[in-house]
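Subject: Structure for you, with notes on salt bridges

Hello,

Please find the structure below. My notes on its charged side-chain pairs follow.

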Amino acid sequence: MSADYATLARALGAETALVVAALVVLAVDLAWMRGVSTEKRRDVAALFGAAGCVAALAWCRQSGAPSEVWGGVLILDTLAVVARVGVLVLLLGTFGVLCGNVANRNPAEQVALLLLGGVGLLLMPAAQNLLLAFVALELASLSLYLLVGFDKRSAESAEAGLKYFLVGGVTAACLLFGLSLIYGLTGTISVGEMAGAVRALEFSPLAAVAVALVVVALGFKVAAAPFHAWAPDAYQGAPTPVAAWVASGSKVAALVLFYRLLWPGLHGWAGAMDDVGRIERGWLPIVLVVALASMALGNLVALAQRDVRRLLAYSAIGHAGVMLLALVLAGTFGVGTLVYYVFTYALATLGAFGVLAASERDSRRTTFENLAGLHARSPLLAWCLAVFVLSLAGIPPTSGFFAKLFVFAEAFRVNGISGPIGWAALAGIGFGVVGLYYYLLVLRAAFVATASGGTTERVHVRPLAVAVLVLTAALVVVLGVFPNWLLRVF
């Protein structure tokens with residue numbers, strides 16, 4: 001392995017920018033901002049955080065041709081660059097959501113944790129080494145555990161943080177054990193070298209255990225059933241900007257890491273599923289079962305929810321199922337559809353949580369009753385919410401429509417309508433129709449229902465938060481009208 005610090009610094013310029021921004025945020029807050037209001041401290045911290053994101057985006061943009069760093073430990077190819085840019089855009093949006101929400105008592109620490117967690121999420125899509133992948137995943141996860149339990153005044157937040165940490169600790173152990181077994185079987189921790197070794201090995205029971213442990217751990221990170229138990233409580237208990245970040249940025253990075261480990265790394269153990277239902281042993285049937293379970297559980301349980309945060313959490317579990325179906329298809333049709341689906345879903349979810357953050361003030365309750373009459377109290381927020389919810393439901397001309405269309409069309413092309421993957425796509429369409437009902441409940445609350453007591457008190461939203469929400473809604477529509485803008489990158 002040959003490398004020097006200059007090469008490493010050039011490759012990790014984006015991560016360095018985020019770390020420097022986090023340190024600056026903490027230093028400025030400690031030295032000059034202790035005597036001012038929490039709102040001003042939050043705004044200054046978010047400003048420095050956003051500056052760090054912009055610097056990191058500029059670095060990613062000038063990164064040039066695809067390259068391997070440090071003997072292939074990191075790979076900066078098209079997929080990694082697009083995923084890193086997506087994570088940074090979502091982090092910028094999270095700072096906008098943060099500025100539109102009620103300030104907490106420690107805004108600088110919150111912004112610093114968001115930035116440091118972003119470092120882990122930037123490393124995950126580029127990791128070509130099992131140890132680096134694990135370290136990056138845990139770096140991101142540790143900051144998320146702290147952020148979910150960040151609101152010390154809320155018992156719900158503390159409970160959510162504790163549950164998230166405990167389940168996350170168990171799945172981290174599963175991932176480490178699974179990766180250790182893969183290393184024992186293949187003799188390497190390099191994803192590239194692992195691919196060659198796997199092709200020469202049969203899918204033994206030990207390999208099945210290793211793959212199952214990896215699927216459990218990464219299934220937890222993307223909130224797929226049955227590893228989803230943390231998601232509803234974390235989404236409901238976390239501060240709203242944090243919930244937005246958990247539901248969007250972490251999803252993008254985790255799905256890309258999932259893809260890199262399974263397709264380039266463990267392609268030889270994929271197995272197969274043909275159009276007459278014959279199934280060969282491998283991870284592909286396991287992932288397909290998890291996808292089906294997620295689509296079913298997420299959409300059916302969401303029907304019973306009356307809290308919009310919990311509804312979005314179960315919606316996220318249902319969407320994770322479709323993403324895993326796209327992951328299964330990525331080996332045949334490439335990763336473009338998966339990235340398009342994940343990124344457009346993340347944008348719509350970030351926007352939906354952004355509307356909730358802007359509309360809540362003294363109360364953090366986000367039931368349908370609290371959302372009632374939003375159109376009368378803030379038409380702009382209500383219409384932004386409509387765009388995001390319609391995208392999550394897959395209604396044109398939003399990006400969610402093409403995201404689902406591409407996945408299901410590819411499923412039918414690869415396996416026909418009678419094969420296992422075709423059946424999974426049919427089930428996904430059916431559960432998508434079920435999902436329309438609970439998304440319409442959200443819109444009914446915002447546009448049709450009357451607020452409790454008939455109040456028409458307007459919701460005062462900060463201009464910066466409005467700008468972020470309008471820009472996000474516009475991006476959701478533009479990517480829906482011109483999906484090739486993102487797809488042609490691949």
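How many salt bridges does a search of the whole structure find? The search gives 12. Please keep in mind that this is a predicted model.

Arginine 84 and glutamate 15: their closest N and O atoms are 2.7 Å apart, and the two form a salt bridge. This pair links distant parts of the chain, with arginine 84 in helix H4 (residues 78-99) and glutamate 15 in helix H2 (residues 13-32), 69 residues apart. Both arginine 84 and glutamate 15 are buried.

Arginine 310 and aspartate 233: these side chains meet in a salt bridge at 3.1 Å, N to O. Arginine 310 belongs to helix H13 (residues 308-333) and aspartate 233 to helix H10 (residues 230-237), so the contact ties together parts 77 residues apart in sequence. Arginine 310 counts as buried because its relative accessibility is 18%, under the 20% cut-off. Aspartate 233, at 22%, is partly exposed.

Arginine 309 and glutamate 360: here the salt bridge has an N to O distance of 3.7 Å. Arginine 309 is in helix H13, while glutamate 360 sits in the loop between helix H14 (336-359) and helix H15 (368-371), so parts 51 residues apart in sequence are tied together. Arginine 309 is buried at 0% relative accessibility, and glutamate 360 is buried at 6%.

There is also a network: Asp29, Arg34, Arg41 and Glu109 are joined by salt bridges that share partners.

Regards

Conventions: Residues numbered from 1 in each chain as written. Predicted model: local features only at pLDDT ≥ 70, side-chain atom pairs only at ≥ 80, totals over all residues. Heavy atoms only, no water. Salt bridge = Lys/Arg side-chain N within 4 Å of Asp/Glu carboxyl O. Helix = DSSP H or I, 4+ residues; strand = E, 2+ residues; numbered from the N terminus. Buried < 20%, exposed > 50% of the residue type's maximum accessible area, 1.4 Å probe, protein only.
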